[in-house]
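This briefing is intended for a reader who wishes to consult the sequence and the coordinates side by side. Please keep both at hand while going through the points.

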Amino acid sequence: MAPVTMLEAIRQAMFEEMDRDPAVVAIGEDIGVYGGAFKVTEGLLERFGNERVIETPISETAIVGAACGMSYLGLRPIVEMQFIDFIACCFNQVTNFVAKGHYLWGAPAPMVIRGPSGGGVHGGPFHSANPEMYFAHTPGLKIVYPSTPYDAKGLLKSAVRDNNPVLFFEHKFLYRRVKEELPTDEYTVPLGKAVTRREGRDLTILSYAAMMQTSLDAAAELEKEGIEAEVIDLRTLMPLDKEAILASVKKTNKLLIVHEDTRTGGIAGEIASLVCENAFEDLDGPIARVTSLDTPVPYAPTLEEYFLPNAAKVAAAARELARY
Amino acid sequence: MSPSSNGAAVAPVTRQQCLDLYYYMRLNRAVEDQMMKLFRQNKIVGGLYSSLGQEAISVGTAYALEKRDWMAPMIRNIGALLVKGVKPRDIFTQHMAKFTSPTQGKDGTSHFGDLKNLHIVSPISMLGDLIPVMTGVAMAGRYLGQDIVTMTWIGDGGSSTGAFHEGLNLAATQRAPFVLVLENNQWAYSTPVSRQVPVRDLAERGRAYGITSVTVDGNDAIAVFEASRAAVAQCRAGNGPVLIEAKTMRMKGHAQHDPAEYVPKAMREYWEARDPIVLFEKYLNANKLWDARAKQEIEARIAALVKEDLEFAENSPMPPAELAEQGVYCEGCHTIEAEWHRPKAEVTPPKSSVAAGWNVKDFGGIENSATGGNGASARPAASPMHLSAGKAVQKSSGGLAQQSSSPKKLAQQSSSPKKIAAVPERRPFGRGPKGKKGGGR
């Protein structure tokens, strides 16, 4: 089997889930004849027809609302946001309607909202967002943000089968830049489980999505200097794999959190609090973080590169932390 | 009374239907009268929203639905809930935040639903959201072959939200079997409709989306029922959504706290003379559809039901505090299974397969645009082409461009985490970075 891109892995997950269960349908803008703005849904219409591949007006609120209504009849819609930035247009529908239904009146909404997110491709301030924390803050939603083709496919399949609304972020920088051979046999990856990408004893680097590669690059650099970093991929932000985080902190006693999301209110702050509450005695240094700046995502390459974390920034923060 | 909106021959409204409509309107008012008393006794936990004067709309519209159909009421649609089979006790306990309420005290008012039996979707307070949701329910019902119609309500105020317009437009493009009842009760909280919408008839808003739209007297139960019955029939026949504007008047304030002193006195008097229940009693009398005994029987039935359910609600406990942290996620508590009323083979390959391409009817040029049309039969100008089953070309994945110039090796690295020696003894916390001036903090 030839290695496949993350984009292709996501496409495979949709094909397989729609093949497996006719209750799975796709809905979104330009997802049929055109195959989606990034071609993730290419070929879906030909195979499954326009009853199951539903092309809509530019109406994110209506799309998410309709998908929620469909889920009440036992369908499992996969919603595509053309860019995840546009989820802001249906914020109310997601946070007030979809997310609260099970808690308030016992109405589960088994639906997935997926879409391309993240920066590094010079998409500018309205096509580069990492809005995961708006939704991690909303009880009732699950938040998935994979970093490899294997995980993207396995997690999306789990998301489709989950009884809860799942927001599935696809980092567009990774769409065609990472490749991996996938198993020929069917597999899924469970939601809510982190994975150790690299073992180490000197400090823990926690990250997810495109910053995984950045963190691994930094870890390789640190290794040359004799610093062994353990690198953990969160994969799912909600529910958060607290056990995996605490276990690694208890092992290395130092924690660096890296995310592409902006600094204030990012998941790093939440994890820092979690570790202070549960493993303060195990810490040998301050909890550090490397994040994007607290600004909109700027357009010019020089500005965006300054805005984003990179391996050098991660390595510098790790070196500082390792000195404790 | 009003003729059928589509001109087709329709059955006259039967005596039994008239008595049912009357019963539910009276029950609606009795339940709300009782809740007013509870409110004054401080037994209603939150706000109380009255549908006084709007009972004919809730009852007349919902009465046109079948048991299998779906509805999503708004705050003033207690009558619709009762028609669909909700018991007064559910409404009392909801308002009193009791553990026995449909939401076990997690939400109040008419914010509850029933997916399994009554097919009711719970409303939320943000106006307009139910329109796309019920469009989706309608689309799913059609997809599953269930032959259902969905219905929700909106006010004159709610017709200015984005969700209203996005939802109506989606319903129109999908030709969803969906009925939207627009209750034009003249007031959005304290603001008159004329300051919210610059057209007299809000049915115009539906027509703008190519949706069959009618305006009825919302205080005339028979007119509302007949329009609703015709709307449901149009949806059932596959002819797309319908908007019914029902003109009425909100006879109380926005909620109990609001004395509505902003309503002109003459306007209130005009509508007080048009109470829908009084009007309907006159109709029943004039047409000799009942007698004093029939009326007394209905009143006795309602009084007994309200009394019994009120006792149930009053004697119910508040929810246990720990319930607050339960139920955020479905963790296996629900089994989700679509109910198929058509062969799954119709929507699975090879039968589902089509050729990807658009048929664009008239190319969109100006010279082809003089089609007129009232929009009621508007079809999408473009639709995906269909090939016969099995002829579709299955594309390979090779069409996806590989744009990366330097593919990263994340996957390879991640698949074999680097093993290193055992963890050394940890240093005590708080000494600060080695060699840093001053050390420590």
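The points below concern a predicted model and are grouped by topic. Chain A is divided into domain 1 (4–180) and domain 2 (195–322). Chain B has 12 helices and nine strands, and 82 of its residues are in contact with 75 residues of chain A.

**The two domains of chain A**

- The centres of domain 1 of chain A and domain 2 of chain A, taken over C-alpha atoms, are separated by 26 Å.
- To the contact between them, domain 1 of chain A contributes 25 residues and domain 2 of chain A contributes 22 residues.
- On the side of domain 1 of chain A that touches domain 2 of chain A, two or more residues come from each of α6 (132–136), β6 (142–144), α7 (149–161) and β7 (166–171) of chain A.
- By class, that side of domain 1 of chain A consists of 13 nonpolar, nine polar and three charged residues.

**The open sheet of chain A**

- An open sheet in chain A is formed by seven strands, in the order β3-β2-β4-β5-β7-β6-β12, with mixed pairing.
- At its edges are β3 (53–55) and β12 (236–238) of chain A, each of which pairs on one side only.
- From one strand to the next, the twist averages 20°.
- Within chain A, strand β5 (residues 112–117) pairs with β7(A) in the parallel sense, over six bridges.
- As an example of residue-level pairing, A:R114 has A:F168 in β7(A) as its bridge partner.

**The largest nonpolar core**

- The largest nonpolar core holds 206 residues, of which A:L256, A:A318, B:V179 and B:I244 touch the most other members.
- Domain 1 (4–180) and domain 2 (195–322) of chain A both give residues to this core, and it therefore lies between them.
- Leaving aside neighbours within four places in sequence, A:A318 is in contact with A:L203, A:I205, A:A218, A:L222, A:I227, A:A229 and A:L256.

**The loop residue A:L182**

- A:L182 is located in the loop between β8 (179–180) and β9 (195–198) of chain A.
- A:L182 counts as buried because 21 C-beta neighbours lie inside 10 Å, where the cut-off is 20 or more.
- Not counting residues up to four places away in sequence, A:L182 touches A:M1, A:V4, A:A9, A:P149, A:Y150 and A:K153.
- For A:L182 and A:P149, the C-alpha to C-alpha distance is 7.8 Å, while the two residues are 33 apart in sequence.

**Chain B and its contact with chain A**

- The contact between the chains involves 82 residues of chain B and 75 residues of chain A.
- On the side of chain B that touches chain A, at least two residues are supplied by each of α5 (130–143), α6 (162–174) and α12 (410–415) of chain B.
- The element that gives the most to this side is α5(B), with 10 residues.
- By class, the side of chain B that touches chain A comprises 40 nonpolar, 26 polar and 16 charged residues.
- Chain B has 441 residues, and 43% of them count as buried.
- Considering contacts in chain B between residues at least 6 apart in sequence, 76% join residues at least 24 apart.

Conventions. Residues are numbered from 1 along each chain as its sequence is written. Chains are lettered from A and ligands numbered from 1 in the order in which they are written. This is a predicted model: local features need pLDDT of at least 70, side-chain atom pairs count only at pLDDT 80 or more; totals for chains, interfaces and linings use all residues. Helices (H or I, at least four residues) and strands (E, at least two) are DSSP runs, numbered from the N terminus. A residue is buried if 20 or more other C-beta atoms lie within 10 Å of its own, exposed if 12 or fewer, and partly exposed in between; C-beta atoms are placed from the backbone. Two residues are in contact if their C-beta atoms, placed from the backbone, lie within 7 Å. A nonpolar core is a set of buried Ala, Val, Leu, Ile, Met, Phe, Trp, Tyr and Cys residues joined through C-beta atoms within 7 Å. Domain bounds come from an automatic or database domain assignment. Ala, Val, Leu, Ile, Met, Phe, Trp, Tyr, Cys and Pro count as nonpolar, Asp, Glu, Lys and Arg as charged, and the others, Gly among them, as polar. Two strands pair if DSSP finds at least two bridges between them. Axes are lines fitted to C-alpha atoms, for helices over the stretch in contact, and angles run from 0 to 180 degrees between N-to-C directions.
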